Amino acid sequence: MKRIVFLNLILFAIIIGCNPNAGSNLNSSSKLEGKLPQPSLKGKMSTEEAIYKRASVRLFQNRPVSIENISQLLYAAQGISHSYGERQFRTAPSAGATYPLETYLFTPSGVYKYNPLEHSLSRLFEDDKRSQLSEASLGQTAVSSAPVVILFTMVQERTEKRYGERAFRYICMEAGHAAQNLHLQAVALGLSSVPVGAFYDEQVAGVLGCPNNEHPLYIVPIGYEQVK
């Protein structure tokens, strides 16, 4: 028995040695809730190269995404980039800085809500809801197979109070800004992504348990590309 345990420890040490990020990936599920690692403000890939390499990918490896990369992705999408006095502004432009978007993270370890002001995650569900989200998205397998799926929802009244009937137009523009940040950041991290807009709104809202004034808008599966 002791010999088996010893051999298992040696095997685990070999795995960690071959892949320096393995420990971080293996433990990322338990570390997701709470404060996220500080995002980097300088990367190894230029904006031009990220734009050139960005492409929609629907087949992903069964390989987890590290908590450091998750932190970077969420920051790129909706993180706080700067402030003027007491006002804080996000990485994606928003009409009148009304910020109608909410950001959710689906992973094998559960569903989380992103808090931009604290750069943290709070767990909403402990079970893996990617398959349910996939069913609500017309059965798209990219949604169920990607190790990370980010969902943007909108609370239209935040922008509507200021811009009336033009609010929906501005919110859609904002979602596009946030998602493009996300797609390009994924490329810069060696990841791939795909935009998903085909889904049943009420079913997605049901999976997430959205309040009546919050509506799903945009889904982004992210992971390491599976080469055919």
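## Nonpolar cores

The largest nonpolar core holds 30 residues. Leu101, Leu121, Ile150, Phe152, Leu182 and Ile222 touch the most other members. A nonpolar core here is a set of buried Ala, Val, Leu, Ile, Met, Phe, Trp, Tyr and Cys residues joined through side-chain atoms within 4.5 Å. Buried means under 20% relative accessible area, exposed over 50%, and partly exposed in between (1.4 Å probe, protein chains only). At least two residues of this core come from each of helix 4 (67-78), strand 4 (101-107), strand 5 (110-115), strand 7, helix 8 (167-188) and strand 9. Helix 8 gives the most, with 6 residues.

Neighbours within four places in sequence aside, Ile150 touches Leu73, Leu74, Thr103, Tyr104, Leu105, Leu182, Tyr218, Ile219, Val220 and Ile222. A second, separate core has 21 residues, among them Phe106, Leu151, Val194 and Cys210.

## Model and conventions

The model is predicted: local features need pLDDT of at least 70, side-chain atom pairs count only at pLDDT 80 or more, and totals for chains, interfaces and linings use all residues. Residues are numbered from 1 along each chain as its sequence is written, and side-chain values use heavy atoms, with hydrogens and water left out.

## Chain overview

The chain has 9 helices and 9 strands. Both are DSSP runs numbered from the N terminus: helices are H or I with at least four residues, strands E with at least two. Of the 228 residues, 43% count as buried. Among contacts between residues at least 6 apart in sequence, 72% join residues at least 24 apart.

The chain exposes about 12,500 Å². Carbon and sulfur atoms supply 52% of that area. Accessible areas come from the Shrake-Rupley method with a 1.4 Å probe; for residues, only the protein chains shown count as cover.

## Sheet and hairpin

Seven strands form an open sheet: 7 strands in the order 1-6-5-4-7-9-8, with antiparallel pairing. Two strands pair if DSSP finds at least two bridges between them. Strand 1 (34-35) and strand 8 (192-193) stand at the edges. Each has a single partner strand, so one side of each lacks a neighbour in the sheet. Strand 1 pairs with strand 6 (residues 120-125) over 2 bridges, in the antiparallel sense. Gly34 stands opposite Leu121 in strand 6.

Strand 2 (residues 80-84) and strand 3 (residues 87-90) run antiparallel, joined by 4 bridges. Ser83 stands opposite Gln88 in strand 3. The two strands form a hairpin with 2 residues between them. In the turn, Gly85 has a positive phi of about 65 degrees.

## Aromatic pairs and charges over rings

Rings of Phe, Tyr and Trp (its six-membered ring) pair if their centres lie within 6.5 Å; planes under 30 degrees apart count as stacked, over 60 as edge-to-face and the rest as tilted. The count by this rule is 3 aromatic pairs. One of them, Tyr84 with Phe89, is edge-to-face at 5.6 Å centre to centre, with 65 degrees between the planes. Tyr84 is exposed at 60% relative accessibility, whereas Phe89 is buried at 16%. Phe152 and Tyr218 are also edge-to-face, because their centres lie 6.3 Å apart and their planes stand at 85 degrees. This pair links distant parts of the chain: Phe152 lies in strand 7 (residues 148-154) and Tyr218 in strand 9 (residues 215-223), 66 residues apart. Phe152 is buried at 0% relative accessible area. Tyr218 is buried at 17%.

A charge sits over a ring if NZ of Lys or CZ of Arg is within 6 Å of the ring centre and within 35 degrees of the ring normal. The charged end of Arg63 sits over the ring of Tyr224, 3.6 Å from its centre. Lys129 lies over the face of Phe125, 4.6 Å from the ring centre.

Notes. Contact = heavy atoms within 4.5 Å.
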